Number of protein chains: 2
Amino acid sequence: MLSQKARYALRALFVLGEHEGNEPIMIADIAEQAKVPRKFLEQILLDMKRRGIVHSQRGKFGGYTLGRDPDDIDFAEVIRVIDGPLALSPCASRTAYRRCDDCEDETTCAIRKVLLAVRDATAEILESRTLAQAIMDEKTAKKRKRRN
Amino acid sequence: MLSQKARYALRALFVLGEHEGNEPIMIADIAEQAKVPRKFLEQILLDMKRRGIVHSQRGKFGGYTLGRDPDDIDFAEVIRVIDGPLALSPCASRTAYRRCDDCEDETTCAIRKVLLAVRDATAEILESRTLAQAIMDEKTAKKRKRRN
DNA sequence: TATAAACTCTACTGAGTCAATAGAGATTAA
DNA sequence: TTAATCTCTATTGACTCAGTAGAGTTTATA
């Protein structure tokens, strides 16, 4: 399961990505639009800031902007920053590998083999879906819906 | 992440599936071979028994056997019984769908669309990998390793 | 029919995580 | 200098996870 925090992070990025113009948006405004508790959002944005996904401007008239082009922000990165590795087991993780301490022989473990396949499929999808795409996608879905 | 409990469940099934002959195996023996705390394993086997994955025989000389052919036990079922739905969000689950209460419009939500793709890919893999296959796979991997 | 050997069921516990809140601190524009 | 903003660390309550405990039920068999 994705944590609530990760869902909030993605929604906040949508707000930033949909914003026209390049002046920063205040946490309070992002919180309201993305329907995220404000103080909780502070932590989330801080995590993403440290990773360079968003950029902040302190002081009066400060706020947040995307840290890079929305084409260069993918779902996998956001989820990894907030929730940790994608794999179902540390022994099947490529970004945060860790041996199972009760595993007889990892190289022949059939469970691990299946979990690796799942991890690869998951990563393939999440790494290929960008914020830019998702925002476009949502826009056209809404447009299509209004027409019907 | 898979829970420890689910990993234990899979290991216990391997022990049952590798067992030759059809007399039942006692919890204590499964626990030892699968390296699972015995009392914890009781709960796990009970969960799987209710789902028909394993079968139990009470009383003296009792124990556990597989509830069906190992060809008909797949990873997805085991994981669902122990850990719940595979999807990363209830709104993306096919077996345990639940609406997000803070979602504006689920039909146009781009996050959900991505999570659905992940769920489908995950389910495809986990539903196609059976216990029988996994046991075979592990056996040949071990054999190959010994030869080298 | 008594007994030992097994599974069954419910309750409990300690550690840890999750979601959220709180508040003092640092920075900036004007 | 001040108001507005982000930054950082601590705390909280509820919940989940991993495991333990123990009384109850069923069965084979002597």
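A polar contact here is a pair of N or O atoms within 3.5 Å. The model is predicted. In it, a backbone N or O atom of A:K60 sits 3.2 Å from a base oxygen of DNA strand C. A:Q43 also reaches a base. An N or O atom in the side chain of A:Q43 is 2.4 Å from a base oxygen of DNA strand C.

A polar side-chain atom of B:Y64 lies 2.2 Å from a phosphate oxygen of DNA strand C.

Of the atoms of DNA strand C that come within 4 Å of the protein, sugar and phosphate make up 67%.

Which element gives the most to this surface? Helix 3 of chain B does, with six residues. Other elements each supply at least two residues, including helix 1 (4-18) of chain A and strand 1 (54-57) of chain B. By class, the surface near DNA strand C has nine nonpolar, ten polar and ten charged residues.

## The surface near DNA strand D

DNA strand D is surrounded by 29 residues. A:I27, A:S56, A:Y64, B:K39 and B:Q43 are the closest.

The classes are nine nonpolar, ten polar and ten charged.

## Polar contacts with DNA strand D

Two side chains meet bases. An N or O atom in the side chain of B:K39 is 2.4 Å from a base oxygen of DNA strand D. A polar side-chain atom of A:E42 lies 3.3 Å from a base nitrogen of DNA strand D.

A:Y64 meets a phosphate instead. A side-chain N or O atom of A:Y64 is 2.2 Å from a phosphate oxygen of DNA strand D.

## How two helices of chain A pack

Helix 2 (residues 27-34) and helix 3 of chain A pack with their axes 9 Å apart, at an angle of about 110 degrees. The two helices of chain A, helix 2 and helix 3, are therefore roughly perpendicular to each other.

What meets what? A:I27, A:A28, A:I30 and A:A31 of helix 2 meet A:R38, A:L41, A:E42 and A:L45 of helix 3. This contact has six nonpolar, no polar and two charged residues.

Note on methods. Residues numbered from 1 in each chain as written. Chains lettered and ligands numbered in written order. Predicted model: local features only at pLDDT ≥ 70, side-chain atom pairs only at ≥ 80, totals over all residues. Heavy atoms only, no water. Near = heavy atom within 4 Å. Polar contact = N/O pair within 3.5 Å; in protein donor to acceptor, adjacent residues only side chain to side chain. Nonpolar A, V, L, I, M, F, W, Y, C, P; charged D, E, K, R; others polar. Axes fitted to C-alpha atoms, helices over the stretch in contact; angles between N-to-C directions. Helix = DSSP H or I, 4+ residues; strand = E, 2+ residues; numbered from the N terminus. Parallel < 35°, antiparallel > 145°, perpendicular 65-115°, else oblique. Contact = heavy atoms within 4.5 Å.
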